[in-house]
Amino acid sequence: MKFNRLLCGVASIVGLMAATANAETVKIGVVLTYSGGAAELGEQIDRGMNLFIDQNKDAFGGNEIELIKRDSKHPGGDIAKTAVQELITREKVDLLAGFIFSPNAMASAPVINQAKVPMIIMNAGTAWIPSLSPYIARVSFTMWQSGYPMGEYAAKDLGCKTAAVGFTDYPPGKDSRDAFSTGFEKFGGKIVESLPMGGPREVPDFTPFFQRVKNAKPDCFYIFVPAGNHAVSVVKTFTSLGMDEAGIKLIGPGDITQDTKLQEMPKEAAGMITMHHYSADYKTPANIAFVKAWKAAYGDDTIPDFMGVAGYDGMAAIAHAITAQNGKITADGTMKALAGWTFDSPRGKISIDPETRDIIQDENVHKVVWKDGRLGIEVIGTIPQVKDPCKANAIGKCAE
Amino acid sequence: MQQALAATISILFDGVAYAMLLFIISVGLSITMGLMGFANLAHGAFAMMGGYALVSLMLTLSVPFLPALALAAVIVAIISIPFERFLYRKLYKSGELDQVLLSIGLVFMTTAAITYLYGPSTVSVPVPDFLTGQIDLGFSTFPTYRIFTIVVGFAMMIALWFGFERTIVGAKIRAAVDNRRMAQSIGIDVDKLFVLAFALGSGMAALGGGLAIEIIGMSPNFALTYLVFFLIVVAVGGLGSIRGAFVAALILGIIDTAGKYLWPDGGAFFIYALTVAILLVKPEGLFGKA
């Protein structure tokens, strides 16, 4: 793979500006999954970051930036933590960015907290991650931002009285389950099944779990699986068991209708409803321009998905923090600069909540449609500027 | 009552479908381990090659699903011959550690090669329409593809049984498994049998790998991820026993499915507990020779 060459210790120097007297070089440690089954997720964020840098050479206030990339390999947390330690002690990075899987961000949090190195999370969506350190800010999403409104929407708009929940058994899966269940039950729904469906590393055979749900006959079946390969298998199993004909609606966070995986799904995916903050199919001028630039940079057969846009927006946040501090990065200064930062992202208006350091953004109801010979996303509803409901309602670990 | 019946039917059906997949892939491993005494951890790599051969045949060369499936098995069977001739053969007399090191090395090399050629993600193939959807058998509906898998599994079992019990080649292989030196001394060309059995086993694995794409998915980690399951089938069934591999695959498939269905939090716990229990009582496996 061509991006393998970027691995391990190869530093890419970008943003070479005419050196002014007070220009600084800001070192950014990037921890992403560059190998294994989830390598494409790392590639998305990587491309998103680079696209922003290429398009906005003057956004960094005349400072140079250097990206030092490390491979976190799998969702286990251990390799990411080692990489973060090495980036901080040996490479002396000013900032850390990336983090696809929640356990990787969680394992790294104590390290960055002690070393006082700010961390910009570009995916990892478990709601309580920013509570682990005052130096964490998140530009991606939280599981509650999609799960909780999805619960409300399923109970009120989709008319589901009962629901089953299936989730991949690791922190964001449990988080998404809690988010959906809380929202769904608050608006009168009843959860009839709650099934852990294997771990995040390998895609399991979902059939036994789905068969159980099929026999339980709920109105809605809410599923969280990590972005990437799991989702295709979910939809295939769902259709091959004929759960659609059995009157069960497949719903979930947008992770299961990721743009880059949509075309691998069977046609029967049409009709799925998910709650999410981004799709490459959004028809807003900002997004059309973004997708066009993406294709121009990486090829016509590529598209961005919510990870790509998080990498793009994350780099925008980093550029803002660097410029605001004139290239002299401190943890407190970075968090101060990011508090209340707003940005016109391809996904719409986003901002960082000063209190929780978490993102505030629109959540859209996505409907999968079959149109022009391909599966696409249609927006059929919007919940404007959602703050993370877990922290807003101080639920569980979010209260700490 | 209705609920319990539906659950039982679901578990048995899915369990048998999964079991057939395990049987088709693992039976070759059982034969090679029983016949050659070679601890071939790379067996799953041949299954993986079969899966990716199917992907290339269908997506690049536009071969229809069923012929592609058969062709993938044949191609991998042929590819496996030089492996046996030039690599495995050298280590038949070596200790198990050498064999394990060679074959696990092959697994890593295959994984790397496939990642290089096909990328690290899971792959899928378009399954023809007549194999998608469900078939209504009156009391319940079943996914067509899994019925197809079960049919293929039983057909393979019958073909193997016939080949081993009713043909001369089968008799020779059984003789070589029972007592290689005696077989050699009465003029059976055991070397040739080894190649044949190895290619057959690898071809079967490739067929299983092709079938597996639609059920458990296919990624460059396949060979390593499912290695434990293949080994359990062989260990529980007993080395060199086709019947053993069949029964062990059924037990494993049904118990694993039942565990996931009835107690999802328990995960894969059941099959490991069962494996330990069976091997404690019968260390040589259900149908193995002590």
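B:Pro67 is exposed, because 11 other C-beta atoms lie within 10 Å of its own; a residue counts as exposed at 12 or fewer such neighbours, as buried at 20 or more, and as partly exposed in between, with C-beta atoms placed from the backbone. This proline sits in helix α3 of chain B, residues 65-88. Helices here are DSSP runs of H or I with at least four residues, strands are runs of E with at least two, and both are numbered from the N terminus. If you look for B:Ala273, 206 residues away from B:Pro67 along the chain, you'll find the two C-alpha atoms separated by 40 Å.

A word on what you're looking at: this is a predicted model, where local features need pLDDT of at least 70 and side-chain atom pairs count only at pLDDT 80 or more, while totals for chains, interfaces and linings use all residues. Residues are numbered from 1 along each chain as its sequence is written, and chains are lettered from A and ligands numbered from 1 in the order in which they are written.

Now to where the two chains meet. Chain B puts 27 residues into the contact and chain A puts in 25, with two residues counted as touching if their C-beta atoms, placed from the backbone, lie within 7 Å. On the chain B side, α1 (2-36), β2 (141-143) and α11 each supply at least two residues. The largest share of that side, six residues, comes from α1(B).

Two packed helices are described by the angle between their axes and the distance between the axes. The axes of α6(A) and α1(B) come within 10 Å and cross at roughly 160 degrees; these axes are lines fitted to C-alpha atoms over the stretch in contact, with angles from 0 to 180 degrees between N-to-C directions. That makes α6(A) roughly antiparallel to α1(B), since angles over 145 degrees get that label, under 35 count as roughly parallel, 65 to 115 as roughly perpendicular and the rest as oblique. Here A:Thr207, A:Pro208, A:Gln211 and A:Asn215 meet residues of α1(B) including B:Gln3, B:Ser10 and B:Asp14.

On the α6(A) side the contacts involve A:Pro208, A:Phe209, A:Gln211 and A:Arg212, and on the α11(B) side B:Thr257, B:Lys260 and B:Tyr261.

Next, the strands of chain A. Strand β10 (residues 249-253) is mostly covered, with four of its five residues buried. Strand β9 (residues 220-224) pairs with β10(A) in the parallel sense over three bridges; pairing takes at least two DSSP bridges. In this pair A:Cys220 stands opposite A:Lys249. Strand β11 (residues 273-276) also runs parallel to β10(A), joined by three bridges, and A:Ile251 stands opposite A:Ile273 there.

Most residues other than glycine have a negative phi. A:Lys73, not a glycine, has a positive phi of about 60 degrees. This lysine lies in the loop between β3 (64-71) and α2 (78-89) of chain A, and is buried because 20 other C-beta atoms lie within 10 Å. A:Ala394 has a positive phi of about 45 degrees, in the segment after α12 (389-392) of chain A. With 10 C-beta neighbours inside 10 Å, A:Ala394 counts as exposed.
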